Amino acid sequence: MKIAVLASGRGSNFQKIAEAVKSGKIRAELALLVTDRETAGAINIAREFGINVCLLPFKKFPNRESYDKKIVSILKQEKVSLVCLAGYMRIVSQTFVKSFENRMMNIHPSLLPAFPGLNVHRKVLEYGAKFSGATVHFVDTGVDTGPIIIQATVPVKPQDTPDSLANRILKWEHRIYPQAIKWFVEGRITISGRKVTVNDASYASVPVVPALEDF
């Protein structure tokens, strides 16, 4: 199975996915990094792991639809089976979503459906929430609204800042995203409407549901 990652930033989740593939925990080929920014740190990570890079600056396209059609054509040409968004700072179009329906994942730094969108950690602190976390979900045509695969919970401390909360959550992001990808590659994920079930996984305990098995 071939995997492609779309990233716009430093690429820390991309690196954890690459490490899991290289170690053999995820038995798939990480075929391609697609990025819209030539300054993205993810590019250096891709070079380190010998992963092909496709740099597509958005400004060279007239609109989002034409941009996404180009990405879809590249991914299909590469015979990609799973697309993983990892700090990708663009909302994907319906065309893109439909081309990879139930085959596109995203990681979001909150317990969805709470606090979708941007500036998540600031919103959590301003709201006074006592828990936050991270969510891996399939991508649909909304913003962070797709079916949830796995979630990890962390406490929000009275002294937290957006940065300190982000760092605490990021440690779990680095574990639950590779785990979700591994389950997908192994064919253990079943989707029924909004309900995602991981076959033979444990749903019995926090802070991660379903429970981590490999990371």
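1. Helix H5 (residues 120–127) passes helix H6 in a right-handed crossing, a term that applies when the near helix is turned clockwise from the far one by less than a right angle. The residues in contact (heavy atoms within 4.5 Å) are His 121, Arg 122, Val 124 and Leu 125 of H5 with Pro 162, Leu 165, Ala 166 and Ile 169 of H6. Six of these residues are nonpolar, one is polar and one is charged.

2. The model is predicted; local features need pLDDT of at least 70, and side-chain atom pairs count only at pLDDT 80 or more. Residues are numbered from 1 along each chain, and side-chain values use heavy atoms, without hydrogens or water.

3. The axes of H5 and H6 (lines fitted to C-alpha atoms over the stretch in contact) come within 9 Å and cross at roughly 115°. The two helices are therefore roughly perpendicular (65 to 115 degrees).

4. Lys 182 lies in H6 (residues 162–185) and is buried (under 20% relative accessible area, 1.4 Å probe), with a value of 12%. Beyond its neighbours within four places in sequence, Lys 182 is in contact with Lys 25, Ile 26, Asp 214 and Phe 215.

5. In helix H1, the buried residues include Phe 14, Ile 17, Ala 18 and Val 21. Among the elements that cover the buried residues of H1 are strand S1 (2–6), strand S2 (29–35) and H6.

6. Just after H1, Gly 24 takes a positive phi of about 90°.

How values were computed
Helix = DSSP H or I, 4+ residues; strand = E, 2+ residues; numbered from the N terminus. Buried < 20%, exposed > 50% of the residue type's maximum accessible area, 1.4 Å probe, protein only. Axes fitted to C-alpha atoms, helices over the stretch in contact; angles between N-to-C directions. Parallel < 35°, antiparallel > 145°, perpendicular 65-115°, else oblique. Nonpolar A, V, L, I, M, F, W, Y, C, P; charged D, E, K, R; others polar.
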